[in-house]
Amino acid sequence: MNVDVVMSQIIVADADRAVTFYTTLFGRGPDAKPMDKLHEWHFERAGAVQVYEEPERAGASGVTLHLVDLDAACAALDRAG
């Protein structure tokens with residue numbers, strides 16, 4: 001098996017709220033919205049993160065992000081509330 005890209009999917013109860021959070025975290029809006037309630041951020045050489053609204057399954061997913069500057073990311077999220 002030759003895998004080129006790995007995509008993590010984060011299942012959320014409220015896509016609009018999650019998009020606001022991840023837009024703040026990543027410093028930019030989604031790169032794609034392939035279908036209703038599904039938003040994607042693409043990362044060169046690192047795959048992608050999908051945020052998908054499905055309230056009955058929300059909270060049952062996880063993703064690990066490697067950040068260059070964790071303190072800066074935390075500060076940006078604090079400023080955004």
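I counted the elements and got 2 helices and 4 strands in the protein. For these I took DSSP runs, with helices as H or I of at least four residues and strands as E of at least two, numbered from the N terminus. This is a predicted model, so local features need pLDDT of at least 70 and side-chain atom pairs count only at pLDDT 80 or more, while totals for chains, interfaces and linings use all residues. Residues are numbered from 1 along each chain as its sequence is written, and side-chain values use heavy atoms, with hydrogens and water left out.

**Overall layout**

I read the order along the sequence as β-α-β-β-β-α. The radius of gyration is 13 Å, close to the 12 Å from the globule rule for 81 residues, so the protein is as compact as a globular protein of that length. That radius is taken over C-alpha atoms, and the rule is 2.2 Å times the number of residues to the power 0.38. Along the principal axes, the C-alpha atoms fill a box of roughly 40 × 30 × 20 Å.

I then looked up burial. Of the 81 residues, 27% are buried. Buried means under 20% relative accessible area, exposed means over 50%, and partly exposed lies in between (1.4 Å probe, protein chains only). The protein exposes about 5,800 Å², and carbon and sulfur atoms supply 50% of that. These areas come from the Shrake-Rupley method with a 1.4 Å probe; for residues, only the protein chains shown count as cover.

Next came contacts, meaning heavy atoms within 4.5 Å. Among those between residues at least 6 apart in sequence, 49% join residues at least 24 apart.

I also checked charges. The mean positions of the 7 positive and 13 negative charges are 2 Å apart. Lys and Arg count as positive, Asp and Glu as negative; His and the chain ends are not counted. I placed each charge at NZ of Lys, CZ of Arg, CG of Asp or CD of Glu.

**Core**

Which residues form the largest nonpolar core? I listed 11: Ile10, Val12, Ala18, Val19, Tyr22, Leu25, Phe26, Trp41, Val49, Val51 and Ala73. The elements giving two or more residues to this core are β1 (7–12), α1 (15–26) and β4 (47–53). The largest share, 5 residues, comes from α1. A nonpolar core here is a set of buried Ala, Val, Leu, Ile, Met, Phe, Trp, Tyr and Cys residues joined through side-chain atoms within 4.5 Å.

Not counting residues up to four places away in sequence, Phe26 touches Trp41, Phe43, Val49 and Leu65.

Lys33 sits in strand β2 (residues 32–35). Leaving out residues up to four places away in sequence, Lys33 touches Leu38 and His39. From Lys33 to Gln50 I read 9.3 Å, C-alpha to C-alpha, across 17 residues of sequence.

Lys37 is in the loop between β2 and β3 (38–43). Lys37 has a positive phi of about 70 degrees although it is not a glycine. Lys37 counts as partly exposed, at 35% relative accessibility.

Beyond four places in sequence, His39 touches Ala15, Val19, Pro30, Ala32, Lys33, Val49, Gln50 and Val51. The C-alpha atoms of His39 and Gln50 are separated by 5.6 Å, with the pair 11 residues apart along the chain.

**Leu77**

Leu77 is partly exposed, at 21% relative accessibility. Leaving aside neighbours within four places in sequence, Leu77 is in contact with Phe21, Thr24 and Leu25. Leu77 and Glu44 are 33 residues apart in sequence and 23 Å apart in space, C-alpha to C-alpha.
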